[in-house]
Amino acid sequence: MDIIIRENYEQVSKYTAKVIADLVRSKPNCVLGLATGSTPIGTYKELVRMHKEEGLDFSQVTTFNLDEYLGVGMDLDKPYDLDQSYARFMYEELFKHINIKKENIHIPDGRTKVPEKFCKWYEEEIRKAGGIDLQLLGIGADGHWAFNEPGSSLASRTRVVVLTKKTLDDNYESFYKKAGISREEMPHFAITMGIGTILEARNIIMVATGAKKAAIVAQALEGPVTSQVTASAIQLHSGGITVVLDEAAASCLKNIDYYKHIEKVKTEYGIK
Ligand code: PGA
């Protein structure tokens with residue numbers, strides 16, 4: 001596991017975008033797993049800049065998003081359909097600015113009338129695409145990955161979940177309040193990739209910034225592997241793992257000096 005510590009949000013975003021861009025350049029038809037939330041916004045901005053200024057080409061890239069509220073959603077043919085769906089978030093923050101093909105974008109359909117069938121189909125689509133090359137992840141205040149709230153099985157698959165009060169509160173503050181939607185009107189259910197699904201991605205990049213995430217980041221990376229902190233499943237992943245943190249989010253890590261030493265030595269010796 002590579003734990004990369006940078007000074008601030010901007011540097012974290014630049015580092016993360018570079019990892020994604022390097023993959024897109026070396027494997028133009030790669031499959032990316034994408035995330036929503038306030039954390040990846042800077043990463044998407046940087047990817048958009050790279051597309052516009054450096055010609056980073058997304059024309060062959062396929063994407064799968066982690067999750068979506070159930071009961072909302074967006075038809076990508078009608079992108080200005082105003083709602084707080086993650087589909088709309090992705091369209092506004094990334095997709096409308098780059099040359100990705102609409103048919104290569106996959107986001108759980110929050111308007112499905114047959115959620116269980118949909119979840120099976122979503123898993124099948126990931127499999128048919130050849131699996132995810134690189135999955136981008138944040139970490140929730142309660143340690144969740146995607147919408148895998150505490151108690152989710154570490155072997156779980158794509159499914160419908162009930163959101164915790166804490167997640168609703170966090171997302172209300174970040175997104176719904178600004179849109180003038182009341183806390184009561186927020187959807188309480190979601191479709192999410194499972195922890196088992198996420199662990200099958202060949203590479204994982206997890207990003208966290210800010211002091212509010214420091215304690216939960218330390219629990220996930222250095223504490224016991226537990227379904228109570230579903231991001232702790234990162235310790236079980238068998239592929240390439242990169243964790244990108246700012247100094248604030250890294251501040252509770254016991255082995256912080258060692259992680260910095262690893263990066264320094266790897267850089268010195270040119271080890272990837
Ligand atoms: P945030 O959410 O990026 O808005 O902090 C992270 C998450 O819930 O995974």
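Student: How many bridges join β4 to strand β8, and do they run parallel or antiparallel?

Tutor: Two strands pair if DSSP finds at least two bridges between them. Here three bridges join β4 to β8 (residues 189-192), and the two run antiparallel. Glu68 stands opposite Ile191 in β8. This is a predicted model: local features need pLDDT of at least 70, side-chain atom pairs count only at pLDDT 80 or more, and totals for chains, interfaces and linings use all residues. Residues are numbered from 1 along each chain as its sequence is written, and side-chain values use heavy atoms, with hydrogens and water left out.

Student: What counts as a strand or a helix?

Tutor: Both are DSSP runs, numbered from the N terminus: helices are H or I with at least four residues, strands are E with at least two.

Student: What is the strand order in the sheet that holds β4?

Tutor: The order is β4-β8-β7, an open sheet of three strands with antiparallel pairing. β4 (67-69) and β7 (159-162) stand at the edges with a single partner strand each, so one side of each has no neighbour in the sheet.

Student: Which strands make up the sheet of seven?

Tutor: Read it as β1-β10-β9-β6-β2-β3-β5, an open sheet with parallel pairing. Its edge strands are β1 and β5 (105-106), each pairing on one side only.

Student: Is β9 mostly covered or uncovered?

Tutor: Buried means under 20% relative accessible area, exposed over 50%, and partly exposed in between (1.4 Å probe, protein chains only). Strand β9 (residues 203-208) is mostly covered, with five of its six residues buried. Four bridges join β6 (residues 134-137) to β9 in parallel; Leu137 stands opposite Met206 there. Six parallel bridges join β9 to β10 (residues 240-246), where Ile204 stands opposite Ile241.

Student: Which way does the chain cross from β9 to β10?

Tutor: Point the strands away from you; a crossover is right-handed if the path from the first strand over the helix to the second runs clockwise. Here the chain passes through helix α7 (residues 214-222), and this β-α-β crossover is right-handed.

Student: Where do the buried residues of α1 fall, seen down its axis?

Tutor: The arc is that of the directions from the helix axis to the C-beta atoms. In α1 (residues 9-26), the buried residues include Val12, Ile20 and Leu23. The buried residues of α1 fall within an arc of 160 degrees, so they line one face of the helix.

Student: What do they pack against?

Tutor: Contact means heavy atoms within 4.5 Å. The buried residues of α1 pack against β1 (2-6), β2 (31-34), α2 (41-54), β6, β9 and β10.

Methods
The expected span of a helix is 1.5 Å times one less than its number of residues.
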